[in-house]
Number of protein chains: 2
Amino acid sequence: MESRIERIKKQLHGASYKLTPQREATVMVLLENEADHLSAEDVFLLVKEKAPEIGLATVYRTLELLTELKVVNKINFGDGVARYDLRKEGAARFHHHLICIECGAVDEIQEDLLGEVEKVVEKRFGFTVKDHWLTFHGICKRCKSEGDTKGK
Amino acid sequence: MESRIERIKKQLHGASYKLTPQREATVMVLLENEADHLSAEDVFLLVKEKAPEIGLATVYRTLELLTELKVVNKINFGDGVARYDLRKEGAARFHHHLICIECGAVDEIQEDLLGEVEKVVEKRFGFTVKDHWLTFHGICKRCKSEGDTKGK
DNA sequence: GTTATTGCAAAAACTTTGCATGGGG
DNA sequence: CCCCATGCAAAGTTTTTGCAATAAC
């Protein structure tokens, strides 16, 4: 079975890009931290551990490239920083996010909950949906159970 | 009947802020361009027409203030710029956006289409939803009908 | 060899902050 | 008087760009 990095390499080649060592290190960092939502700076610091000579500009250029290839999505949670989130392979739509306003945790929902909503959008507004971005703000399960413990 | 600006004035006063001429001019610009999604710079340039002496920093400070009071939402569509979008008065949730990948138009859906989805999120993930941000990317009605005209 | 890619440094773009000044009550 | 709010300029952050050096084929 082909590895994830192999398939990304093919995507790069298909678009006439190379998988240089720097690009590979960057992709590896993203794969190893798939649950996180790393900023370019975060990625840079992690990549530096593998490839100390890499420059920040290269990380930016690589992340831009991966965004273009739809390997990652560039997201923005309101702080002034862009973050990069791996797309599930072959997913037609970007996954949803749950942001806890108490503890700041960012969880992901991989399951697509918007099928019916998109049908409504297409019918009622004549808009052909290609992708979506959905984020909920609220209180996560963990913070709620902490509240219980404290008897509040 | 009380005007929108009057009610915003009361909101400011309720939080111990004044509706200064600069703040009023900024709010007026937002009200007059409610359909748009203005950046701080956009707002600044429009406010300057009414109050030429205003500084960019004041516009930023006012927009931050209005965000805090939930009069506007600060949004980010992926270009590196924050944009400010008036909330509907009394709305519990932020409205949805439709971004056309052909022409770049940003339309709004005021109707809340996420009621059922939020129930699922609350039940299945134990997450109490307080607000949401939903944006669709796709082809708007206008671009599709243009396509028809061209016989494509 | 030729072309893509990199690292560095400089620049750009956007936003925030410090501070003296000004205005209202 | 006091204090909030302002304008300006400076500083801060994040991201992009220019360019010579380097690496890949």
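In chain B, S39(B) has R83(B) of strand 3 as its bridge partner. The model is predicted: local features require pLDDT of at least 70 and side-chain atom pairs pLDDT 80 or more, while totals for chains, interfaces and linings use all residues. Residues are numbered from 1 along each chain as its sequence is written, chains are lettered from A and ligands numbered from 1 in the order in which they are written, and side-chain values use heavy atoms, with hydrogens and water left out.

The bridge belongs to the pairing of strand 1 with strand 3 (residues 82-86) of chain B, which is antiparallel and runs over two bridges. Strands pair if DSSP finds at least two bridges between them. Helices (H or I, at least four residues) and strands (E, at least two) are DSSP runs, numbered from the N terminus. Three strands of chain B form an open antiparallel sheet in the order 1-3-2. Strand 1 (38-39) and strand 2 (72-76) of chain B are its edges, each pairing on one side only.

A residue is near a strand if one of its heavy atoms lies within 4 Å of it. Of the atoms of DNA strand C that come within 4 Å of the protein, 73% belong to sugar and phosphate. Helix 2 (21-32) and helix 4 (56-68) of chain A, and helix 4 (56-68) of chain B, each supply at least two residues of this surface. Helix 4 of chain B gives the largest share, four residues. By class, the surface near DNA strand C holds eight nonpolar, five polar and five charged residues. Here Ala, Val, Leu, Ile, Met, Phe, Trp, Tyr, Cys and Pro count as nonpolar, Asp, Glu, Lys and Arg as charged, and the others, Gly among them, as polar.

A polar side-chain atom of Q22(A) lies 2.9 Å from a sugar or linking oxygen of DNA strand C. Phosphate oxygens of DNA strand C are approached by backbone N or O atoms: that of E53(A) lies at 3.1 Å, and that of A82(B) at 3.0 Å.

Chain A superposes on chain B by a rotation of 179 degrees with 0.0 Å of shift along its axis (RMSD 0.1 Å). This is the relation of a two-fold axis. In chain A, the C-alpha of L134(A) is nearest the axis, 2.3 Å from it. The superposition is by least squares on C-alpha atoms of residues with pLDDT of at least 70 in both copies.

Conventions. A polar contact is a pair of N or O atoms within 3.5 Å; within protein, one must be able to donate a hydrogen and the other to accept it, and residues adjacent in sequence count only if both atoms are side-chain atoms.
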